[in-house]
Amino acid sequence: MPNRYSSLALTLWLCGVSHHAIADTVFLNNGDKITGEIKALDEQNLVIKPSYAPKITIERRAVRSFETREPQPWSINRSIKEVTVQASELDSFVLIDDQQTPISELIYSELLSDSDWHYSGSVEAAIDVTHNSKNTQKLHAKGDVTAETLNWRHNLKSEVRYETEDKTTKRNTLEAHYSLDYLISDHWFLRQEDYYQEDKLNLDIRSYYAALGPGYRFWGVNRDKLDFVLTYNHFWLDYQVFTYELNAWAATINYKQYWFDGVLETYADLQIAFPDIPTIEYISDSTFGLKYLLTQQIYLSFKYDINETKSAVQHSRDISYSLGLGVNF
């Protein structure tokens with residue numbers, strides 16, 4: 001009988017040790033440690049689920065090191081490897097295959113084990129609310145789709161603008177913008193862009209450009225971001241009777257951030273181009289916006305657009321405001 005009770009106690013003790021041993025552990029700079037299951041690691045936060053509490057989100061800069069219980073698919077400098085991570089004595093480092101690896105090079109998500117590609121997007125209908133003394137109605141319909149893997153990011157935006165004034169059609173245009181980013185590292189990428197616009201009213205007018213250049217992501221991953229891109233652009237302006245071409249250097253800023261657990265989104269897209277002809281000083285296109293989630297998918301939006309061209313003979317500026325209703329997917 002004593003032997004049986006001793007064996008039972010030893011078994012329970014070993015189970016307790018084993019359960020503790022297989023837990024992931026995060027070591028913090030203040031000396032604390034948290035055990036549980038690591039759920040995510042991005043450029044800003046580490047998320048861990050202890051057995052005794054809900055998920056805990058920790059700023060990555062507060063993490064000294066961490067270790068995992070079993071092999072998982074990790075993105076290491078944008079290459080997926082299924083590895084076990086061990087804690088390091090060096091601050092902000094871990095050991096992978098006995099090699100010191102900066103935590104800044106790691107990204108982890110449970111989705112990595114499900115699919116290499118991640119998709120997101122939205123469709124939206126909006127009405128221009130810019131004050132105008134004339135009986136003017138401006139309707140916009142647009143879509144936005146992003147497909148991203150560890151090394152590639154595709155984005156396609158399209159928009160239809162239809163405007164009437166005193167029941168007469170004044171504008172009917174189609175716009176499409178495609179960008180492809182090759183993600184060199186967590187910060188650097190190479191962008192290729194294509195833009196097309198067609199005016200279906202009266203004269204058959206088309207304009208499009210192709211662009212290529214490097215970009216840098218200052219912060220953010222997945223939804224949040226602040227990108228700066230410098231590109232060399234080639235423009236074509238195609239009218240019924242002639243085609244005009246020009247080149248330009250362009251600087252672009254793309255910003256997006258979520259607040260209050262994702263209920264509110266702020267975003268901005270700004271581009272300024274400097275053509276290689278002396279008669280035009282610059283062409284700028286700026287968009288500032290807000291989105292407010294009514295449900296997980298449905299949102300209200302407010303957008304402020306400024307289009308500006310400065311040349312040797314004139315300085316034109318077009319400003320508009322729009323309210324919209326959209327669906328995320």
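What follows is a short exchange on the cores and strand pairs of a predicted model.

Residues are numbered from 1 along each chain as its sequence is written. In this predicted model, local features need pLDDT of at least 70, side-chain atom pairs count only at pLDDT 80 or more, totals for chains, interfaces and linings use all residues, and side-chain values use heavy atoms, with hydrogens and water left out.

Reader: Why is the set that includes V26, F66 and W74 called a nonpolar core?
Author: A nonpolar core is a set of buried Ala, Val, Leu, Ile, Met, Phe, Trp, Tyr and Cys residues joined through side-chain atoms within 4.5 Å, where buried means under 20% relative accessible area (1.4 Å probe, protein chains only). The largest such core has 19 residues, and V26, F66 and W74 touch the most other members.

Reader: Which strand supplies the largest share of this core?
Author: Strand 2 does, with three residues. Strands are DSSP runs of E, at least two residues, numbered from the N terminus.

Reader: What is V26 in contact with, leaving aside its neighbours within four places in sequence?
Author: Contact means heavy atoms within 4.5 Å. The partners of V26 include I34, I48, V63 and F66.

Reader: How do you know that strand 20 and strand 21 pair?
Author: Two strands pair if DSSP finds at least two bridges between them. Strand 20 (residues 264–275) and strand 21 (residues 280–293) have ten bridges, in the antiparallel sense, so they pair. D269 stands opposite T287 in strand 21.

Reader: What makes strand 21 and strand 22 a pair?
Author: Strand 22 (residues 298–311) pairs with strand 21 over 13 bridges, also antiparallel. A hairpin of four residues joins strand 21 to strand 22, and G289 stands opposite K303.

Notes:
Buried < 20%, exposed > 50% of the residue type's maximum accessible area, 1.4 Å probe, protein only.
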